[in-house]
Each structure stands twice: as C-alpha cells, then as structure tokens.
Amino acid sequence: MNKLSSGAALRGASLAVLLIGAALVEGRGQAVVSTVAGSGTAGNSDGPALTAQFNQPYGVAVDAQGTAYVADSFNHVIRKITAAGVVTTFAGRGTSGYYDNPFGPFAAFNGPYNVLLTPQGNLLVADTGNDCIRLITPAGAVTTFAGASPGGYLDGPAATARFQSPIGLAQDPAGNIYVADADNYRIRRIDPAGNVTTLAGSGVRGFLDGPAGNARFSEPQGLALDAAGNLYIADRAANRIRLLSPAGVVSTYAGSGVVSFLDGPAATARFSAPTGVVVDGRGDVYVTDRDNQRLRRVEAATGLVSTVAGTGAVGSQDGAALSAQFNRPYSIAVRNGSLYIADASNNRIRRVAGLPLGTQARAVMVPLALEVFPNPFAGHCTFRYFLPRAGRVNLGIYDVLGRRVAAPLADVVQPAGSQEVRFEPGSLPPGLYVARLEANGQVVTSQAVIN
C-alpha cells in the first residue's frame with residue numbers, strides 16, 4: 001500500500017476488569033452527526049475547533065474527559081482537541097521525518113495513521129510511514145515503542161522487531177498491544193515485557209480463514225477487542241471484517257468479499273474498503289465503511305449488518321444520521337456514549353450521538369488461553385498462552401486415545417501474563433494431538449498437528 005494514500009469466545013475466566021458502557025439510555029432520541037473539529041479546508045492551523053484545519057486525519061482516540069487526539073496524517077503531526085473546543089499540535093514538527101524528542105513539537109513523524117490511549121495516559125501512535133510504533137507521554141515526550149525505520153518483518157524484542165506499514169492498534173486488559181501490520185499481512189502482538197510476536201497471518205496477501213498461522217489477510221487495518229478477547233480486524237482490501245479468536249482461529253465475521261454495498265445477514269453483506277472498527281458495550285461492532293461513505297453496524301444478537309449513518313453520497317452534511325454525509329471516513333472511537341469518526345477527506349472529526357451503545361458497566365473476565373504456532377509443525381512448535389494470575393501450570397500433549405505422550409511443563413509455578421513454551425516432538429509420529437493446559441483449576445485445550 002502507499003503509506004500516505006487513503007488507501008472462541010474465551011472461557012475459564014478468573015480476572016475481572018471493568019468495561020464502561022456508554023451513557024445514553026437505549027432507544028431514546030435519534031442518532032445525530034455533528035462536526036467536532038475542522039473547517040473542511042485542508043491545512044495545518046490550530047485554534048478554535050471549527051476553524052482549525054487538518055489534512056487527512058486518519059486516526060482518532062478520545063479520553064474520559066472528552067479530549068480527542070488525532071493522527072493528522074498528511075501534516076505528519078498528532079493534534080489535540082480539548083473538550084472546550086480548542087485544537088493544538090500535541091507532537092510533531094509538521095514535516096515528515098523520524099525523530100524522537102523529549103519535547104513533542106520537535107519530534108518527527110511520517111504519515112501517522114492511528115492513535116491509541118493507554119490506561120497510563122500514554123498515547124501510542126502507528127507511525128505508518130516510519131514502520132514503527134511511537135509513544136507520547138502525557139507531558140509530550142516522544143520515543144519509539146517498537147520497530148524501527150526502514151521496516152521489514154522480524155519478531156523479537158521491540159527495539160529490533162520490524163513492521164511494514166503498521167496501522168491498527170488495540171490493547172487488552174493485560175497490557176498486550178495488538179498491531180495490524182498492513183503490508184506484512186499479519187497481526188502482531190507486543191507483550192508487556194516488550195516482546196513482539198506474530199499472532200496471525202502467513203505473510204502472503206490474500207483471503208484465507210482457518211488456523212491463525214495459515215490465515216491470509218489483504219491489508220488489515222482497524223482493530224478492536226470485545227469482552228471475550230476476540231479481536232476484530234477491518235481487512236480493507238478483502239472487504240471483510242475478520243475475527244481472530246483467543247484460540248488462534250481466524251474467521252470472517254461479516255462481509256462476502258464482494259466490493260459493493262449491501263445490508264443484511266453478515267455472511268452476505270457487502271462492504272467497500274472497511275478501515276475502522278470498534279466494539280460497543282453491547283458487543284455490537286461498528287465499522288467505518290470508507291468507500292461506501294457510511295457507518296455500519298454488525299449487531300451481536302442477530303448477526304445483521306445495517307447502516308446507522310451516511311447516505312452513501314460524498315459530502316459533509318451534519319444532522320440526522322441517515323441523512324448525513326461523509327468523505328472517506330477512516331477510523332472510529334467510542335467514548336462517553338458517542339462514536340467519533342476521523343472523516344479523512346473532509347478534514348474533519350465527526351461525532352455520532354444517540355446510538356444505543358450500551359448503558360451499564362459490567363465485569364469482563366480475562367481467561368486462560370492457549371495457542372500453537374506454527375500449526376501444523378514438524379521440527380518444533382511454540383505454545384503461547386495467557387495466565388490470568390500466577391499459579392502452578394501443567395501442559396500435557398495427548399494422543400487421540402487420550403494418553404499423555406509428552407509433558408512440556410509439569411507443575412511449574414509461573415507469573416501472570418503472556419508465556420511461551422517451545423516443544424520438540426522428538427520421536428512422536430505424525431498425527432493429530434491435543435495440548436491440554438491446566439492452571440489454577442482451569443483447563444483449556446488446543447489441537448496440534450505434527451507433520
């Protein structure tokens with residue numbers, strides 16, 4: 001892609017975190033689209049929100065106080081919009097480059113596409129043109145979080161790992177960062193210890209569901225996690241929304257792959273370059289359907305795709321959501337009962353209020369999870385798993401008769417968080433096996449195939 005173009009539910013939970021739902025009461029009022037910031041004219045001027053100028057804003061994130069952060073891609077800067085309606089430049093000198101600096105305005109970015117706020121108040125930036133992930137502290141200091149320029153493909157420690165056009169960002173309650181590595185056609189993960197691994201994607205561009213290591217993507221972009229730990233992926237060039245389960249299986253959540261516009265059942269619905277995705281408090285998935293100039297919803301309860309904003313015509317009209325217009329809506333964020341959209345070619349940040357985004361805070365459990373990579377394997381494989389809390393761990397390999405034939409881990413005490421174990425089959429014959437992970441009274445299994 002041109003880096004500056006517009007181009008299993010989880011089970012066995014044991015750690016609760018709070019997911020805050022939206023504040024609006026479901027069913028009240030009509031959804032309305034309004035402009036939060038941007039005059040509509042491409043430029044790079046700060047000031048009052050409605051007279052400020054952006055140039056292809058691609059990414060947006062909003063904090064609990066209503067402050068929005070924007071990846072202003074063609075200006076190569078990160079902008080801030082206060083709840084009072086004032087736009088300032090948070091980081092970036094306004095020309096493309098790659099430069100870390102303790103003073104944000106002196107740092108340099110190259111076509112940043114997306115932003116993610118962390119619980120610590122830091123801002124992660126998908127610095128797409130520089131093939132890396134940058135971090136901005138609340139005080140504005142800019143450092144490199146993972147990757148380096150020029151890009152490539154390499155797992156390992158964050159400082160030496162390589163990405164190729166990273167775009168989408170998401171974070172789970174355990175602190176893992178997920179990256180849509182667009183031009184590597186993979187989904188990557190940065191764990192809290194700073195290690196980069198590949199979660200899904202063979203590296204071959206295309207479309208293929210199945211085990212994560214064999215799956216194929218066609219330019220994955222927006223990412224979002226639901227309460228069960230499923231990762232939703234806006235696969236732009238495949239015109240589909242994909243789902244990566246905690247068990248390591250990729251499936252199509254919505255979209256037939258035909259480039260067009262069609263609401264209805266998720267399997268037959270049609271999208272045209274979906275780029276942004278977010279999950280609300282009800283589990284519904286909202287999608288910025290970029291080239292259809294619409295905001296779409298995939299309802300969790302029914303699996304139906306519907307249009308919630310946009311007529312399909314290019315324009316900038318505010319007002320009733322189904323009469324409003326967009327011009328290449330790119331990414332999307334949810335906060336305080338509203339959806340925020342980076343309306344890229346309108347050079348504006350828009351807000352959609354009045355949708356039933358969920359009203360209650362609820363407990364979400366982060367459970368035991370296990371995956372095998374690669375799978376099938378011959379010489380060796382790696383078992384990757386997440387422990388919700390520290391405890392004794394057993395990992396056994398069983399044949400089809402239920403006999404344990406290997407024990408990569410036997411009563412080992414491990415801390416909470418992401419873990420990996422390398423396994424070599426030795427003299428085990430080719431065939432189908434089951435890996436069984438036990439920790440703190442919980443059990444999870446995964447199939448493994450030895451070639």
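**View A. The lining of the second largest pocket, by residue class.** In this predicted model, the residues that line the second largest pocket comprise ten nonpolar, six polar and two charged ones. The pocket holds about 270 Å³ of space, and of its 18 lining residues P211, A247, G248, V372 and N375 come closest to the centre. Two or more lining residues come from each of the elements β16 (195-200), β32 and β38, and among the contributors β38 gives the most, with four residues.

**View B. The largest nonpolar core.** This core has 22 residues, and those with the most contacts inside it are L370, F383, Y385, V393, I397, F423 and L437. At least two core residues are supplied by each of β32 (369-373), β33 (381-387), β34 (391-398), β35 (404-414), β36 (417-423), β37 (431-439) and β38 (442-450). Another core, of 16 residues, lies apart from the largest one and includes A309, A321, I332 and I341.

**View C. The surroundings of F423.** When neighbours within four places in sequence are left aside, F423 is in contact with F377, H380, C381, F383, I397, A406, P408 and L428; of these partners, F383 and I397 are also listed with F423 among the residues with the most contacts inside the largest core.

**View D. An open sheet of five strands.** The strands follow the order β3-β7-β6-β5-β4 and pair in the antiparallel sense. Because β3 (47-48) and β4 (57-62) stand at the edges with a single partner strand each, one side of each is left without a neighbour in the sheet. Within the sheet, β6 (residues 77-81) and β7 (residues 86-91) form an antiparallel pair over four bridges, and K80 has T88 in β7 as its bridge partner.

Conventions
Residues are numbered from 1 along each chain as its sequence is written. This is a predicted model: local features need pLDDT of at least 70, side-chain atom pairs count only at pLDDT 80 or more; totals for chains, interfaces and linings use all residues. Side-chain values use heavy atoms; hydrogens and water are left out. A nonpolar core is a set of buried Ala, Val, Leu, Ile, Met, Phe, Trp, Tyr and Cys residues joined through side-chain atoms within 4.5 Å. Buried means under 20% relative accessible area, exposed over 50%, partly exposed in between (1.4 Å probe, protein chains only). Contact means heavy atoms within 4.5 Å. Two strands pair if DSSP finds at least two bridges between them. On a 1 Å grid over the protein atoms alone, a cavity is a set of points where a 1.4 Å probe fits but cannot get out, and a pocket is an open set with protein on both sides within 12 Å along at least five of seven lines; lining residues have an atom within 4 Å of a point. Grid points are joined across faces, edges and corners, and a volume is the space filled by probe spheres set on the points. Ala, Val, Leu, Ile, Met, Phe, Trp, Tyr, Cys and Pro count as nonpolar, Asp, Glu, Lys and Arg as charged, and the others, Gly among them, as polar.
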